[in-house]
Amino acid sequence: TLDDIHAYLFYLKNNYQSKAATRARKVASIRVFFNYLTSKTNLLEKNPAQNLETPKQDKRIPKYLSLDDSKKLLEIAMSDDDRNKERDYAIITLFLNCGMRLSELIGINIKDINFSECQMTVIGKGNKERTIYLNKACMTAINNYLAVRPVEGIKTDKANSKNALFLSERKERISRRTVQYIVDKELRVAGLDTSKYSVHKLRHTAATLMYQYGNVDIRALQELLGHQSISTTEIYTHVSNEQVRNA
């Protein structure tokens, strides 16, 4: 019954101090599950989650790097003496300029890049394809990496490593963990707090800086980030303290 579901949500909050976001995620799962049981399989006649409300979530400003910190991170990545510096610099550059997700970055194949048109196709959430336009910084970083990217000995595997843009030292498609390690390493060298910033925070950074400094329209930002709902994009339209001060 609906009372059972409410009791479960209360249990999560009371016993585990679950945040509203955690409970909202579980509510979404419960709602989909019971919808499946009633409408798809007809195992239940009545949907107990039909009137289940989503817990109200606090709106929080996303953490992001300032413009100066973003420049510093790029400078550190460029001056790195690591043997993979061209690859790592290209990764940081794409995150900060395009605001792409981690899954989108590791999924890039060379054939997805149109070098003459300076654009790239990525597969986002829900297997949705979208176009990302590449600026001069991105094109330069990608071309510099391709000049040193391994050609021989690339593994033939299910991950389609032969066509992957970014490769690991084992000459296979780069993994999520490796990208997270690269970003974490560059953040540490740049003197930035790795407990505060991460791969996903670079996406927040790209979106926020585009809105603050690039005069990017919110609808264009929604398209660029691959958000299904404009309400998701709206978290990046927060005003900075400096803007409030000036006002």
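Tutor: Axes are lines fitted to C-alpha atoms, for helices over the stretch in contact, and angles run from 0 to 180 degrees between N-to-C directions. This is a predicted model: local features need pLDDT of at least 70, side-chain atom pairs count only at pLDDT 80 or more, and totals for chains, interfaces and linings use all residues. Residues are numbered from 1 along each chain as its sequence is written, and side-chain values use heavy atoms, with hydrogens and water left out.

Student: At what angle do helix α4 and helix α8 pack?

Tutor: Helices (H or I, at least four residues) and strands (E, at least two) are DSSP runs, numbered from the N terminus. Helix α4 covers residues 85-98, and helix α8 covers 199-213. Their axes are 6 Å apart, and the angle is about 45 degrees.

Student: How do α4 and α8 stand to each other?

Tutor: Angles under 35 degrees count as roughly parallel, over 145 as roughly antiparallel, 65 to 115 as roughly perpendicular and the rest as oblique. The packing angle here is about 45 degrees. Therefore α4 and α8 are oblique.

Student: Which residues of α8 make the contact with α4?

Tutor: Contact means heavy atoms within 4.5 Å. From α4 come Ile-92, Phe-95, Leu-96, Asn-97 and Cys-98. From α8 come Val-199, Leu-202, Thr-205, Ala-206 and Met-210.

Student: How do the residues of this contact divide into nonpolar, polar and charged?

Tutor: Ala, Val, Leu, Ile, Met, Phe, Trp, Tyr, Cys and Pro count as nonpolar, Asp, Glu, Lys and Arg as charged, and the others, Gly among them, as polar. In the contact of α4 with α8, the division is eight nonpolar, two polar and no charged.

Student: Which strands stand at the edges of the sheet?

Tutor: The sheet is open, with three antiparallel strands in the order β1-β2-β3. Each edge strand has a single partner, so one of its sides lacks a neighbour in the sheet. The edges are β1 (113-114) and β3.

Student: Over how many bridges do β2 and β3 pair?

Tutor: Two strands pair if DSSP finds at least two bridges between them. β1 and β2 pair over two. The β2-β3 pairing is antiparallel and has five bridges.

Student: Which residue in the β2-β3 turn has a positive phi?

Tutor: The β1-β2 hairpin has four residues between its strands, with Cys-118 at a phi of about 55 degrees. In the β2-β3 hairpin, five residues lie between the strands. There, phi is about 70 degrees at Gly-126.

Student: Is Arg-130 buried or exposed?

Tutor: Arg-130 is found in strand β3 (residues 129-133). Buried means under 20% relative accessible area, exposed over 50%, partly exposed in between (1.4 Å probe, protein chains only). At 10% relative accessibility, Arg-130 counts as buried.

Student: The backbone oxygen of which residue lies 3.0 Å from a polar atom of the side chain of Arg-130?

Tutor: Beyond four places in sequence, the contacts of Arg-130 include Met-120, Thr-121 and Val-122. Others among them are Arg-203, Glu-223 and Leu-225. The oxygen at 3.0 Å belongs to Leu-224.

Student: What share of the protein's residues count as buried?

Tutor: The fold has 11 helices and three strands. Its C-alpha atoms fill a box of roughly 60 × 55 × 35 Å along the principal axes. Of the 247 residues, the buried share is 39%.

Notes
A polar contact is a pair of N or O atoms within 3.5 Å; within protein, one must be able to donate a hydrogen and the other to accept it, and residues adjacent in sequence count only if both atoms are side-chain atoms.
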